[in-house]
Amino acid sequence: MAIAGGVPVGTERRQLSEHVAMVVREAIMSGELRGADYLRTEQLAERLGVSATPVREALMVLHSEGAVRWEPRRGFRVVPLTERDVVDMFAVAAFIEGELAARAVDLLPDAEVTRLHELQAVLADAARQGDPDEVFRTNHEIHSAINRPGLSARLQTQLTMSLKYLPRSHYGRVDGWVEASVRDHGPVLAALAARDAEAARAAMRDHMLHIGELLRAHLDRVGVFGA
């Protein structure tokens, strides 16, 4: 089991369990954890520098999400990740983010649209400099700014669930993700500036489906499916 990543000092118990769950999700989606791998509570706690309690809590959350399953007398086991899982996850995210982009057309003030173009310039510069961490940070800020105006509480829950399994710490390792953030945002921002809701919806949907396909292809190359 090759899971890395410590927990910040001072993190409270609920935050600890959330952090452990996030680490395991990313390990599954990056291929570090494969289908049928067992997750030993004590080993995982030692690797992450936490007690066993938040690890058990995290594994129960992951069990409820269908990412791991409990086997009596054997422990928690990773549920094999399939190509359909990845395609479905991004299909849901594409629908939601497409809808939010369409709503943003009428809700984002001109000044915020201008700021989004400025952020995209920062993202493109970070890509040219080979800084995937800055690309990820700026990409997240762009998507959040577009999504925020039209979000309802229930839609927020659905979007969070669909994006929980994005391997954020592996952003620069998925071939094409950085380039997609540079290229795909252009039509989205152009549609926002033109106040064209349907174009914004289509451009954002296409972007999310594109990065989903790039992740599917990456996981296929590293042998995750069928492992």
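**Helix packing and selected residues**

Modeller: In this predicted model, S30 is found in helix α1, which covers residues 13-30.

Biologist: How do you know whether S30 is buried or exposed?

Modeller: Residues count as buried when their relative accessible area is under 20%, and S30, with a relative accessible area of 11%, is therefore buried.

Biologist: Which backbone nitrogen does the side chain of S30 reach, and what makes that a polar contact?

Modeller: The side chain of S30 reaches the backbone nitrogen of E32 at 3.5 Å, and because a polar contact requires a pair of N or O atoms within 3.5 Å, this pair meets the distance cut-off. When neighbours within four places in sequence are left aside, S30 is in contact with P167, H170 and L219.

Biologist: Turning to helix pairs, what makes α4 and α9 roughly parallel or roughly antiparallel to each other?

Modeller: Helix α9 spans residues 197-221, and α4 and α9 pack at an angle of about 160° with their axes 7 Å apart. Angles over 145 degrees count as roughly antiparallel, and α4 and α9 are therefore roughly antiparallel to each other. The crossing of α4 and α9 is right-handed, and, sorted by class, their contact has 17 nonpolar, 2 polar and 6 charged residues.

Biologist: Why are α4 and α7 called oblique to each other?

Modeller: Helix α4 (residues 83-107) and helix α7 (residues 153-163) pack at about 140°, and their axes are 9 Å apart. Since roughly antiparallel needs an angle over 145 degrees and roughly perpendicular covers 65 to 115, the pair falls into the remaining class, and α4 and α7 are therefore oblique. In passing α7, α4 makes a left-handed crossing. On the α4 side the contact is made by M89, V92, A93, I96, E97, L100 and R103, and on the α7 side by L155, Q158, L159, S162 and L163. Sorted by class, this contact of α4 with α7 has 8 nonpolar, 2 polar and 2 charged residues.

Biologist: What makes α2 and α3 roughly perpendicular to each other?

Modeller: The axes of helix α2 (residues 41-48) and helix α3 (residues 52-65) come within 9 Å and cross at roughly 115°. Roughly perpendicular covers angles of 65 to 115 degrees, and α2 and α3 are therefore placed in that class. Their crossing is right-handed, and the contact is made by T41, L44 and A45 of α2 together with A52, V55, R56 and L59 of α3. By class, this contact of α2 with α3 has 5 nonpolar, 1 polar and 1 charged residues.

Biologist: Where does R195 lie, and why does R195 count as partly exposed?

Modeller: R195 lies in the loop between α8 (177-194) and α9, and this residue has a positive phi of about 55° although it is not a glycine. Buried requires under 20% and exposed over 50%, with partly exposed in between, so R195, at 31% relative accessibility, counts as partly exposed.

Definitions and conventions. Residues are numbered from 1 along each chain as its sequence is written. This is a predicted model: local features need pLDDT of at least 70, side-chain atom pairs count only at pLDDT 80 or more; totals for chains, interfaces and linings use all residues. Side-chain values use heavy atoms; hydrogens and water are left out. Axes are lines fitted to C-alpha atoms, for helices over the stretch in contact, and angles run from 0 to 180 degrees between N-to-C directions. Helices (H or I, at least four residues) and strands (E, at least two) are DSSP runs, numbered from the N terminus. Angles under 35 degrees count as roughly parallel, over 145 as roughly antiparallel, 65 to 115 as roughly perpendicular and the rest as oblique. A crossing is left-handed if the near helix is turned anticlockwise from the far one by less than a right angle, and right-handed if clockwise. Contact means heavy atoms within 4.5 Å. Ala, Val, Leu, Ile, Met, Phe, Trp, Tyr, Cys and Pro count as nonpolar, Asp, Glu, Lys and Arg as charged, and the others, Gly among them, as polar. Buried means under 20% relative accessible area, exposed over 50%, partly exposed in between (1.4 Å probe, protein chains only). A polar contact is a pair of N or O atoms within 3.5 Å; within protein, one must be able to donate a hydrogen and the other to accept it, and residues adjacent in sequence count only if both atoms are side-chain atoms.
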